[in-house]
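Let's take a friendly walk through a protein model. Have a look at the picture first, and then we will go through it piece by piece.

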Amino acid sequence: MNDTAPSQSQPTGVIAPRIDRPGFFTRLLHWLIDDPIAAIGLAVLIVIFSCAIFADQIAPYDPTLQDYAAMLEPPSSAHLLGTDDLGRDVFSRLIHGATASVYAAVLAVGVATALGVPVGLIAGYTGGWVDEVISRILDTFLSFPAIVLAIAVTGVLGIGLTNAMLSVGIVFAPQLARLVRARALVLKQELYVEASQCFGASSGWILLRHILPNAIQPVLVQITLLMAVALLAEASLSFLGLGMQPPDPSWGSMIARAYIYAQISPAQMYAPGIAILVTALAFNTVGESLREALDPTSRH
Amino acid sequence: MTNSTATPPLASGTADGPVAEVRDLSIRFRTLDGTGELRAVDDVSFDIRRGETFGIIGESGSGKSTIGRVLAGLLDPSDGTVHFDGHDRADFSRREWRQARRAYQMVFQDPSAALNPRMTILDSLLEPMRFMGGMDRAEMRQRALDALERVGLRHDMALRYPHELSGGQKQRVNIARILPLNPKLVVCDEVVAALDVSIRGEILNLFVELQRDFGLAYAFIAHDIAIVAQISDRIAVTYLGKFMELGRTDDVIDRPLHPYTVALLSAEPQPLPAHLRDRTQLRLEGDIPSPLDPPSGCRFHTRCPWATEICKHESPAWRELRPDHFTACHHATPDGLPPLEIGSDG
């Protein structure tokens with residue numbers, strides 16, 4: 001690169017080049033064109049979220065309607081994915097289950113992020129005894145098996161999908177907090193943080209403009225991974241009867257129910273199982289790609 | 001250095017008083033295991049006058065960068081005082097200091113690390129202005145672009161990210177960032193050490209131009225005596241956290257008073273063949289001792305060819321041997337050092 005003052009290339013009288021960055025949608029478009037796999041992942045997520053929102057319109061049957069004349073039926077034109085042990089339409093339950101599962105995953109990860117990221121930032125940036133206290137509390141949380149802790153928290157908060165996922169969020173939060181703390185510890189020593197202090201920046205500014213944006217990359221990846229884990233946690237808790245309450249469907253409770261009839265009708269498990277798998281994969285793909293797209297040094 | 005001459009009364013408070021007055025400054029760091037104490041800077045006093053370039057040279061571990069960080073307000077003294085424009089740093093409230101510190105800025109050694117990799121150059125340029133207040137976005141932007149132009153970069157650099165610029169360009173950006181703050185003192189900590197030799201001259205010239213245009217004072221820290229001598233009005237020579245010598249550049253370079261300065265100068269490559277040089281070569285034996293366990297008496301005595309018994313026991317006083325030319329050496333006289341009986345091998 002030319003290092004000398006390139007004043008020749010900018011004669012006076014010529015309008016200075018526009019100093020504007022491309023808009024959000026232009027950048028979004030470029031990102032998706034650059035990374036088609038992420039585009040597929042994003043499309044899958046959009047379909048799943050649409051199902052979750054428009055479940056009533058899409059589902060052909062009432063998901064709780066029982067038909068004892070058609071129990072454990074294989075897929076047919078009347079029932080696209082067959083029926084379950086109570087004669088309920090699996091396809092309709094899958095669509096309605098998306099609502100519960102997406103809600104569950106977003107709630108759990110949202111709670112984990114809202115709790116974990118600020119706690120981690122403060123612990124790492126403040127250091128000293130604040131960090132000591134926070135870190136010991138996080139260690140205590142992390143020393144419990146996650147599902148046991150989630151069950152205990154659900155016991156305190158009460159049974160139900162929302163409470164179950166709140167507890168999963170609380171259980172996830174220390175993971176994010178630890179991650180963010182480690183990044184903040186490193187980043188607060190960066191020279192650009194010192195430069196910012198010289199300019200008269202407040203701690204809040206430094207945290208939000210310097211530490212957080214540079215700490216967020218691994219957090220994004222972790223968040224998408226946690227989305228997948230939260231889907232499974234919802235399944236586990238609903239399986240144990242602590243999450244979604246019958247007769248309302250969620251993917252987890254569908255698997256739990258199908259599990260009982262695995263020997264008679266193993267196909268029952270495929271639909272919710274594949275739905276969880278595909279959703280988790282889509283979250284991971286988008287997260288990984290987002291991480292790269294948000295790093296300016298990985299652009300060309 | 002506890003001698004009373006080391007602590008002249010503060011001349012500050014007036015419009016042409018010094019920008020920064022450092023008195024009996026000590027900086028101590030606790031070692032990681034908490035048992036030891038590292039005296040990075042030990043009882044140092046000096047002024048930085050308005051608009052001057054104050055060079056600080058020394059080996060790594062001599063405390064020169066620590067002094068720089070104190071001058072930029074990034075580090076508080078363990079002992080002693082620092083006055084900025086006549087006001088004691090210790091008397092500022094947090095809020096007042098965040099306002100006041102704009103006038104005392106720093107340019108760092110590593111131009112890449114001083115820029116947030118996720119912020120465009122424009123955002124980096126805007127950042128200091130956001131804390132000033134009283135400007136709308138358009139005005140700040142215009143000032144940012146003006147500053148960019150002032151340091152010799154094209155406007156379209158503003159849209160780029162730091163990794164898209166060369167080292168020299170990044171250092172120009174770092175300089176441009178502080179211009180809108182109208183600083184009075186800029187600490188330049190090894191600002192050209194990380195740059196290509198071919199670019200160093202350009203960046204040094206830029207510093208000189210900006211000083212001429214804006215009347216900045218520089219605390220110019222480097223390990224390279226040639227660079228410091230080229231740009232400085234006065235030079236301070238540091239060794240193991242103490243000042244060895246302080247004086248006008250010509251005096252220090254041409255008629256050094258301290259053995260360490262003599263050694264530093266003789267380590268510089270000289271353009272003349274050996275038989276034409278007027279200076280004898282003086283080689284220092286060994287490494288700089290650990291600042292965790294500094295030598296007794298004069299800290300330089302372990303490597304000093306002039307050292308005698310007194311140097312091992314008694315710390316030399318900080319004396320003004322010539323007008324505006326100080327040193328801390330038992331053997332120095334206003335005429336310089338006495339000739340060495342042995343050890344010189346010209």
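## Where the chains meet

How many residues of chain B are in contact with chain A, and how many of chain A with chain B? This is a predicted model, and in it 35 residues of chain B touch 27 residues of chain A.

On the chain B side, several elements supply at least two residues each, among them helix H2 (94–100), strand S6 (104–107) and helix H3 (121–130). H3(B) gives the most, with three residues. By kind, the residues on this side of chain B divide into 16 nonpolar, 10 polar and nine charged.

## The build of chain A

Now turn to chain A, which has 11 helices and zero strands. Its radius of gyration is 24 Å, well over the 19 Å that the globule rule gives for 300 residues, so chain A is more spread out than a compact globule. Along the principal axes, its C-alpha atoms fill a box of roughly 85 × 55 × 25 Å.

Buried residues make up 41% of the 300 residues in chain A. Of the contacts in chain A between residues at least 6 apart in sequence, 68% join residues at least 24 apart.

## A pair of packed helices

Look next at helix H10 (residues 251–260) and helix H11 (residues 270–294) of chain A, which pack at an angle of about 145° with their axes 8 Å apart. The crossing of H10(A) and H11(A) is left-handed.

Which residues meet here? From H10(A) come A:Trp251, A:Met254 and A:Ile255, and from H11(A) come A:Pro272, A:Gly273, A:Ala275 and A:Ile276. The residues of this contact divide into six nonpolar, one polar and no charged.

Definitions and conventions
Residues are numbered from 1 along each chain as its sequence is written. Chains are lettered from A and ligands numbered from 1 in the order in which they are written. This is a predicted model: local features need pLDDT of at least 70, side-chain atom pairs count only at pLDDT 80 or more; totals for chains, interfaces and linings use all residues. Axes are lines fitted to C-alpha atoms, for helices over the stretch in contact, and angles run from 0 to 180 degrees between N-to-C directions. Helices (H or I, at least four residues) and strands (E, at least two) are DSSP runs, numbered from the N terminus. A crossing is left-handed if the near helix is turned anticlockwise from the far one by less than a right angle, and right-handed if clockwise. Two residues are in contact if their C-beta atoms, placed from the backbone, lie within 7 Å. Ala, Val, Leu, Ile, Met, Phe, Trp, Tyr, Cys and Pro count as nonpolar, Asp, Glu, Lys and Arg as charged, and the others, Gly among them, as polar. The radius of gyration is taken over C-alpha atoms; the globule rule is 2.2 Å times the number of residues to the power 0.38. A residue is buried if 20 or more other C-beta atoms lie within 10 Å of its own, exposed if 12 or fewer, and partly exposed in between; C-beta atoms are placed from the backbone.
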